[in-house]
Amino acid sequence: MSFPENFLWGGAIAANQYEGAWLEDGKQPNVTDILVGIMSKEPGLKWNAETKKYEMALDPAKAYLSHEAVDGYHRYKEDLKLMAGMGFNCFRTSFAWGRIFPNGDEAEPNEAGLQFYDDMLDTMNELGMAPCITLSHYETPLHLVTEYGGWSNPKMIDFWMNYVNTVFRRYKGKVKIYLTFNEVNALFRMPLVAGAVLARNPADPANPIGSTTEQEKWDAYHNLTVANALTVKACHELDPDAKIGCMMTASATATYPYDCNPENVMGALNTQRTSVFYMSDPFCLGIIPSYLKKIWKESGVSVSWTDEELKLIKENTVDLLSFSYYRSTTYMEGINLKVDTGGVVCKENPFLKDKAPKPWGWAVDPVGIRYTLNVLYDRYHLPLFIVENGVGLDENLNEEGTIEDDFRIHYIKEHVKNVHAAIEEDGVDCMGYLYWGPIDVVSAGTGEMKKRYGFVYVDRFNDGHGTLERAKKKSYEWMKELCTSNGETALKD
Ligand code: BG6
């Protein structure tokens, strides 16, 4: 009783949280470089009244940890060896668009950036880990949002296509799986990073994120649906052996009605729709959902696709659906929905007693991953790929120079058991399980080092100090057993 043959076991990170070297070898800033945590409402931007554009203005009082991150740019070879040491057969990272096209609108790429990823891909392949590459993980070049307003502007499609075509040509044969936009369905809750959209005529220049209009966000939605389809088409034409998928934050798929009150049942459905399906339907089914018309009317926006665009979207759906799952939510009418990188939270679920330790304390719901896999498979009948699941803990090395992270082991074990049940008992086609943050990286949501997910500890702290040395946690050996036994370790009891 193990997992299917060729099941992908591994881990996932993102360039902006791992590499650092934010201005090295030609790279220019990207959208996350001006934020301490992607949930922050205070980006390091100031409005220039003369040029009528935003420009970068970092706050000297803040520690932008992603600028150096965990120095992956200079240490990826030793880190990838540690990853392969756990028996990973797949590894997910992203390309920082701004290493390859520093400002995003150049005609020619930056050779140093291309070479860096060539070497990184070669290292992964030599170590037996199939590269899974996210083309955009909150890493849109800052210049594209300050100069053009980002994805609300259709010009972005050409800049993006120039980037992805360059990538598909250059790395042909080296990448097994591409993912388009990381968690792009978070566009409405995090417009600047997930949607890369910025107000062009801000109502309140001191509040760039708050000034981004609903129309700009829906224009971004429109342009992203077109760009996704064009990307799928380009990948199929330029590198037919690679598979290409979309990437959703899918925790809100597991939105349960608090009880059988029809208002709560309907509200739970609407949460699934406005958090996940509104974006995954165009990518996976090639349709724009009909319920959006009501939302556009209520928001006073106008959005439309040409017949040609609709045909393109219909004909170029993804090969697979990849997603992150961290926790479920319980919907109750009248309670405000709150969000963070783990997903949506509404009413506390009285049945979920298991909680991650504080300060984050996310409720643990392993059945939710089985539920999510089933809902998505019933809806799309596409191969599903779990590319993020994990738990962030506040941890310090003990006297033996390691960390006894039993809670992490417990978390993974329970989730993996449910993934297995979805495959074996429910017949879901799930191609792999990639753990989020197999080495400590900067937290996306809080911008801290303190929120650690790794099997490998990195000596760096919130104020920026630390030796950057790596150390294995207890979970490292356990994960090795899990991967090398093709999941059997988790299924034993
Ligand atoms: C996902 C992101 O939302 O969650 C990752 O794709 C992120 O970039 C992960 O790191 C965990 O969230 P956080 O805020 O705990 O780092």
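Asn6 is placed in the segment before β1 (8-12), strands being DSSP runs of E with at least two residues and helices runs of H or I with at least four, both numbered from the N terminus. The phi angle of Asn6 is near 70°, a positive value in a residue other than glycine. The model is predicted, so local features require pLDDT of at least 70 and side-chain atom pairs pLDDT 80 or more, while totals for chains, interfaces and linings use all residues. Residues are numbered from 1 along each chain as its sequence is written, and side-chain values use heavy atoms, with hydrogens and water left out.

The protein contains 15 helices and 16 strands. Its radius of gyration, taken over C-alpha atoms, is 21 Å, close to the 23 Å that the globule rule (2.2 Å times the number of residues to the power 0.38) gives for 493 residues, so the protein is as compact as a globular protein of that length. Along the principal axes, the C-alpha atoms fill a box of roughly 60 × 55 × 45 Å.

A further backbone feature is the cis peptide bond between Lys358 and Pro359, with omega about 10°. Pro359 belongs to the loop between β12 (343-345) and α12 (366-380).

Attention now turns to the ligand. It is surrounded by 14 residues, the closest being Gln17, Glu183, Thr341, Gly445 and Tyr453; a residue counts if one of its heavy atoms lies within 4 Å. By class, this shell has 5 nonpolar, 6 polar and 3 charged residues, where Asp, Glu, Lys and Arg are charged, Ala, Val, Leu, Ile, Met, Phe, Trp, Tyr, Cys and Pro are nonpolar, and the others, Gly among them, are polar.

Polar contacts are pairs of N or O atoms within 3.5 Å. A polar side-chain atom of Asn182 lies 3.0 Å from a ligand oxygen atom. For Glu183, a side-chain N or O atom is 2.6 Å from an oxygen atom of the ligand, and for Thr341 the distance from a polar side-chain atom to a ligand oxygen atom is 2.5 Å. The protein buries 100% of the 380 Å² that the ligand exposes when taken alone, by the Shrake-Rupley method with a 1.4 Å probe.

Terms used. A polar contact is a pair of N or O atoms within 3.5 Å; within protein, one must be able to donate a hydrogen and the other to accept it, and residues adjacent in sequence count only if both atoms are side-chain atoms.
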